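Me: Hi! Could you walk me through a few parts of this structure, step by step?

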Amino acid sequence: CLNTAFAAEKPSELQIGITTFLSGPASVFGVPAKAGAEMMIEDINENGGIGGVPLKANFIDEGAGGEAVLSEYRRMVNDIGVDAMFASISSGNCNKVAPLAEDLKVMNIMWDCGTQRIFEENEYRYVFRTQGHATPEMLGSVLYLLKTKPDFNTIAVVNQDYAWGRESWQIFLTALKALKPDVNVVAEFFPKFGTADFSTEISRLQALRPDVILNTSWGGELDTFVRQASQRGLTATSTLVLPLAESSLERLGDSLPPGHIVGTRGDHYFRHPERIEDDDFTAFIDEFKQVTGSYPIYPVFHMSQALSAFKMAYENAIDENNGDWPDDEQVIDAMEGLKFKGLTREVHIREDHQGVEDQLLGTTVNSEDYDFAILDNMMMFDGDEITTPAGMESVEWLKTLKQDFVDKVSVETFSN
């Protein structure tokens, strides 16, 4: 009939494709994220789906490599006809799939990757990121360091020798030099990706005794470095700054002693200081632990934000369409400027499609309740203030920061 001419046909189900690491070293992120996605989608469907339509996920293993991801991505869009893609964990894969999503005119939610370059170097209609990127993560780490240990003089870095290791150090160092110009970098080590023995780097660091050692590595490689550093006594003479270590705390057990700085890639922590007494939050944490045997880590929280944004965009588009089912372009329009919440604080999507989230950091302490370090002396930094402004390039923006930024930036503090 005429009055439904502009309504899309309501589908029997909504389908999404999710790329995540199910094999290889990064599966320590990808497998928990998949488990979280399955739990959240089951919950969405038990509560009426999205606009009354159930949601179904199809998974792609990023561990198969970039070419396989692109091939499977095309298959899901062209053959399965998914309504949206959630890609990816790997920044390299995000860089590859963003232009492909534009070509295929499919909504792509970058649900976990950290590269700041995506929206700084390109403009997209169909691509969105539902969390922060490397710059607020690194700047938040610098700010926490300067607020908790303002008198340190020397720093060294041990980072993986590939794009993330190099770029994250460049961002961190640019911010640090702007805010503490007299800092002395005593060593820069870039062992090859996949290194299992850090004895050479640790011996050099023991001789140099820097006040602070930055390591932005992740997964098994970060775990190995921390264990070897702890065994050799390095953690007793230098403060480690580990912006991605929230995801390693449980695996490290007692290898990470008290007094070291840990980031959460957003405000992602199973003991989130504002949510730890919240029944819904603790119920999810407990269920995830029961299902998987471990506490949820930041990729699970990132997945919650991506799914929340997707669901809200559809619901808002349905409302805008007077209750009729929206077409793909109406859903894309609804993603722009969206404000949404996953498991923790509200996130918003800017005009450049970049998500902005607050950054939570803390210092490790021991606890009688856990056989691994937890975070105390937590600080939450305002995402808007520490995220590169739209239209600017991160390194150039960081160079403009003045030393008084450390005192001016908005920060909330929480004790354990």
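Me: Which residues of strand 1 point the opposite way from Leu-14, Ile-16, Ile-18 and Thr-20?
Reply: Good place to start, and keep in mind that this is a predicted model. Leu-14, Ile-16, Ile-18 and Thr-20 share one side of strand 1, and the residues on both sides are buried. Pointing the other way are Gln-15, Gly-17 and Thr-19.

Me: How many residues of strand 1 are buried?
Reply: Strand 1 covers residues 14-20 and is mostly covered. Buried here means under 20% relative accessible area. The count for strand 1 is 7 of 7 residues.

Me: In strand 2, what is the bridge partner of Thr-20?
Reply: Strand 1 runs parallel to strand 2 (residues 55-61), and 7 bridges join them. Within strand 2, Thr-20 has as its bridge partner Asp-61.

Me: And in strand 3, what is the bridge partner of Ile-18?
Reply: Strand 3 (residues 84-86) is also parallel to strand 1, with 3 bridges joining them. The partner of Ile-18 there is Phe-86.

Me: How far apart are the end C-alpha atoms of helix 11?
Reply: Helix 11 runs over residues 298-320, which is 23 residues. At 1.5 Å a residue, helix 11 should span 33 Å. The model agrees, as the end C-alpha atoms are 33 Å apart.

Me: Why is helix 11 described as largely enclosed by the rest of the structure?
Reply: Think about how its residues are covered. Helix 11 is largely enclosed because, of its 23 residues, the number buried is 17.

Me: Which residue just after helix 11 takes a positive phi?
Reply: Look just past the end of the helix. The phi there is about 55°, and the residue is Asn-322.

Notes: Residues are numbered from 1 along each chain as its sequence is written. This is a predicted model: local features need pLDDT of at least 70, side-chain atom pairs count only at pLDDT 80 or more; totals for chains, interfaces and linings use all residues. Side-chain values use heavy atoms; hydrogens and water are left out. Helices (H or I, at least four residues) and strands (E, at least two) are DSSP runs, numbered from the N terminus. The expected span of a helix is 1.5 Å times one less than its number of residues. Buried means under 20% relative accessible area, exposed over 50%, partly exposed in between (1.4 Å probe, protein chains only). Two strands pair if DSSP finds at least two bridges between them.
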